Number of protein chains: 2
Amino acid sequence: MNGKEVDRRRFLKKGAGLAGWAAAGGVSAATAQTGDSAAPAKDLEAYGERSHFVTSVRIAPDPNPFGLTFHVFTPLQDSVGIITPSSLHYTIAHRPYAIPDINPEQHRLMIHGMVDRPLILSMADLKRFPSVSRIHYLECNGNKPQPAYKTVQRASGLTSCSEWTGVPLSLLLKQAGVHNGAKWIIAEGSEDNKGAISLPMAKAMDDMLVAYGQNGEPVRPQNGFPLRLLVPGFEGLCNVKWLRRIKVTDQFYMTFNEFDRYTSVDPRMAQLTNYEQRPKSVITFPSGEQQLPERGHYQITGLAWSGGGAVRKVEVSTDGGKTWKNAEIQSAIHRMAHTRFGLDWKWDGEECVLMSRCTDELGQIQPTVFEFARFWKQPVKVVLTPPPDGMSGHHNYILPWKVDRDGKVTHGLVGLA
Amino acid sequence: MNGKEVDRRRFLKKGAGLAGWAAAGGVSAATAQTGDSAAPAKDLEAYGERSHFVTSVRIAPDPNPFGLTFHVFTPLQDSVGIITPSSLHYTIAHRPYAIPDINPEQHRLMIHGMVDRPLILSMADLKRFPSVSRIHYLECNGNKPQPAYKTVQRASGLTSCSEWTGVPLSLLLKQAGVHNGAKWIIAEGSEDNKGAISLPMAKAMDDMLVAYGQNGEPVRPQNGFPLRLLVPGFEGLCNVKWLRRIKVTDQFYMTFNEFDRYTSVDPRMAQLTNYEQRPKSVITFPSGEQQLPERGHYQITGLAWSGGGAVRKVEVSTDGGKTWKNAEIQSAIHRMAHTRFGLDWKWDGEECVLMSRCTDELGQIQPTVFEFARFWKQPVKVVLTPPPDGMSGHHNYILPWKVDRDGKVTHGLVGLA
């Protein structure tokens, strides 16, 4: 028996004396702590917390010009990977801003209208259907970089990405028996203003989800607990929260929501191609208001996504768009999901402009603000005007970051508006 | 101008009057609430919370027979999708059970031993390397279903799955310049007992990650904040938390951890094939102590994974293993990751036994407890004995659930031990 063996036997003997230490129900006393070992396990048993050194939070920086919506922005500058922690998911509350406090036992989803068999489903009923879990981003069409919005959180923080679990809406519609000639669904939420919207049947039968799960647990209250509609790749507004009713119709409805949320009701709103968001990307590091401490190697990193499907390619420019390099894709690629990209970069201490550009599986390419303005036949100044601007579409133009010689990072669209 | 148009104009006018309502910094007053609209947005602005109707928690039900470890089990019975919320990730604390409270600004990772250029890296240094984000499960080899463990949480809750972000260890080792003849790394944590372990160089150069991100935010304290080693597919113990040192060596070290954690030090521990976990699956619904309210259609659902790579197939039996059906894979399949499966099932009200069986990309098939015992040359009774049982490997045998005629679900291994 060597020395280690002796130690081990002594150890086990001491260990045995601790057998009753952690009583049923958890640790009831902490052993003596040494060094920086501070937190006994008890406090964090049921539902763990993040480190007190981690202080990243969402912000709700200012009111919408109309006072009709309340926006809470995700801290993209601190993001890693592609999953947004549910506690940091962006959220938008519409007047009167209240989050419905719904008892899931009492919640029901009604499917009616042009169907053979109207359905009223409890949450337990829904869980008897086959589910699917998919990683999808959500983005508000109000996510519009302006020169006045100095950080990536403020300029682009109305996008987030989660694993969503739920029942394919197509299964429920097949169960209900949709009539020939039904071309639209009207989805309605439980909040005071109902959050209703018209959506095309083709999309409903394709990949919409009636989602009860988000990142492995029930959908969070701010994201629609206990049930929300997930419409992959369509603008955030389509993804009706606190979902309680789906009406099958043969026509687009001008709902309160569609009527209320935009200054000019655009007939294009009723088109599939306008709901579907375009390819977009944003550099999260280095980004606005950050500071590079010195010259040398850095990892430029960011997120890319598209309503048109999978990200095919992300390019990064470090010279304001003169030359482009393919970035490395650093996560799995899921369709209609955030995709993490990165590029090794050696900063030589000179002023430069960083840009990223996403190309999606359809071959669509993210435009510069000049290309974007040309496409929409608007002056750049109008594109870069805060809402209301008469433009309710997806603002997917490239957001450049300027690195000054002192390492300070500032918004690259300043001076254009 | 129709009635709607009039309403809309009146509305916008009223809305404009609310322009200053949501002052910078967030909502400072709640408008009158109606119905069940209770929670003003303010409370949930910075870092959102789950609904108060959601009460799923981890448990730490009883001490290890030696009193050496403290286990906190994930509530698998409530899981959806493949991501485990970080707050519900299983965790194991080793004596003296304390979670190091590490200031990330002061944390360093040292890489030394048989290298040309020893490295001491800060967290900021690490973030200058290219990162990758991958979804991987972790499972403790102590995750051993026993007849006495009645729920799926208690029987199998020492497994969880997250998106992990970090630097491939291979990049850091290349940077350090590993000597010829270096065959092992010794990874060490910051806790009082150091949690060190020997790991083969081949795996280090393949897919190990030095991870600082978990599910989109910094690794949680209970999972190793600010830095942990991720060793995809290897038993949980290998994934050193609070990682501070990696020593490159030409031999396996008998560390305190390896010495301490097992009743018999098995020479196979030094073999790659013993670290790597085998194919496994578990039905999370219906599972132990749950109650089926009535005959009829249900969705059998669960999780499958393997240390050997991707899940190729999951089969489900509803007749105790006499016949098997292919389950539907209901999530993306990632290598060494939880994979969600499901199967439509009509319960006829008779007693039956539900089982799931995972086959991985290597063609390995999850065994029954009888096959498992035969393979390990142990009586079934020994396999089903709570630790210490002389068996420190991966307990991947099938966990059957028995459905009684009254709909009560009980443990299917009762009576064998």
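Which residue's side chain meets that of Asp207(A) in a salt bridge? The partner is Lys203(A), and the N to O distance is 3.1 Å. Both Asp207(A) and Lys203(A) are buried. The structure described here is a predicted model, and its confidence values are given before the remaining features.

## Confidence

The model scores ipTM 0.87 and pTM 0.88. The average pLDDT of chain A is 85, and 80% of the residues score at least 70. Within this chain, residues 1-41 have a pLDDT below 50, and the stretch makes 64 contacts in the model beyond near neighbours in sequence. Residues 267-273 of chain A also stay under 50 in pLDDT, and for these the model has 13 contacts beyond four places in sequence.

## Salt bridges

Side chains of opposite charge can pair when their charged atoms come close. Over all chains, the structure holds 22 salt bridges.

| Asp207(A) | Lys203(A) | 3.1 Å |

Glu139(B) and Lys280(B) are both buried.

Is Glu188(B) buried or exposed? Its relative accessible area is 9%, so Glu188(B) is buried. Arg244(B) has 30% relative accessibility and therefore counts as partly exposed. In chain A, a network of salt bridges links Glu188(A), Arg244(A) and Arg245(A).

## A five-stranded sheet in chain B

Chain B contains an open sheet of five strands in the order S18-S17-S21-S22-S23, with antiparallel pairing. Its edge strands are S18 (325-326) and S23 (409-411), each of which pairs on one side only.

Strand S21 (residues 352-360) of chain B is largely enclosed by the rest of the structure, because seven of its nine residues are buried. Six bridges connect S21(B) to strand S17 (residues 311-317) of chain B, and the two run antiparallel. In this pairing, Val316(B) stands opposite Ser356(B) of S21(B). S21(B) also pairs in the antiparallel sense with strand S22 (residues 401-403) of chain B, over three bridges. Here Leu354(B) is opposite Trp401(B) of S22(B).

How many bridges join S22(B) to S23(B)? There are three, and these strands run antiparallel. Trp401(B) stands opposite His411(B) in S23(B).

## Nonpolar cores

The largest nonpolar core has 86 residues, of which Trp345(A), Val403(A), Trp345(B) and Val403(B) touch the most other members. When residues up to four places away in sequence are not counted, Trp345(A) touches Pro286(A), Leu292(A), Gly296(A), His297(A), Tyr298(A), Ile300(A), Thr318(A), Cys352(A), Leu354(A) and Val403(A). Another core, of 37 residues, lies apart from the largest one, and its members include Ile111(A), Met123(A), Val167(A) and Ala182(A).

## Two individual residues

Gln214(A) is part of strand S11 (residues 209-214) of chain A. Its relative accessibility is 0%, so Gln214(A) counts as buried. Which side chain does the side chain of Gln214(A) meet in a polar contact? It is that of Ser162(A), at 3.3 Å. Leaving aside neighbours within four places in sequence, Gln214(A) is in contact with Ser86(A), His89(A), Ser162(A), Glu163(A), Trp164(A), Val219(A), Arg220(A) and Asn223(A).

Ile92(B) is located in strand S3 (residues 91-94) of chain B. With a relative accessible area of 11%, Ile92(B) is buried, since the limit for that class is under 20%. Ile92(B) and Ser170(B) are 78 residues apart in sequence, and their C-alpha atoms are 27 Å apart in space.

How values were computed. Residues are numbered from 1 along each chain as its sequence is written. Chains are lettered from A and ligands numbered from 1 in the order in which they are written. Side-chain values use heavy atoms; hydrogens and water are left out. Helices (H or I, at least four residues) and strands (E, at least two) are DSSP runs, numbered from the N terminus. Buried means under 20% relative accessible area, exposed over 50%, partly exposed in between (1.4 Å probe, protein chains only). A polar contact is a pair of N or O atoms within 3.5 Å; within protein, one must be able to donate a hydrogen and the other to accept it, and residues adjacent in sequence count only if both atoms are side-chain atoms. Contact means heavy atoms within 4.5 Å. A nonpolar core is a set of buried Ala, Val, Leu, Ile, Met, Phe, Trp, Tyr and Cys residues joined through side-chain atoms within 4.5 Å. pLDDT is the predictor's confidence in each residue, from 0 to 100. A salt bridge is a side-chain nitrogen of Lys or Arg within 4 Å of a carboxyl oxygen of Asp or Glu. Two strands pair if DSSP finds at least two bridges between them.
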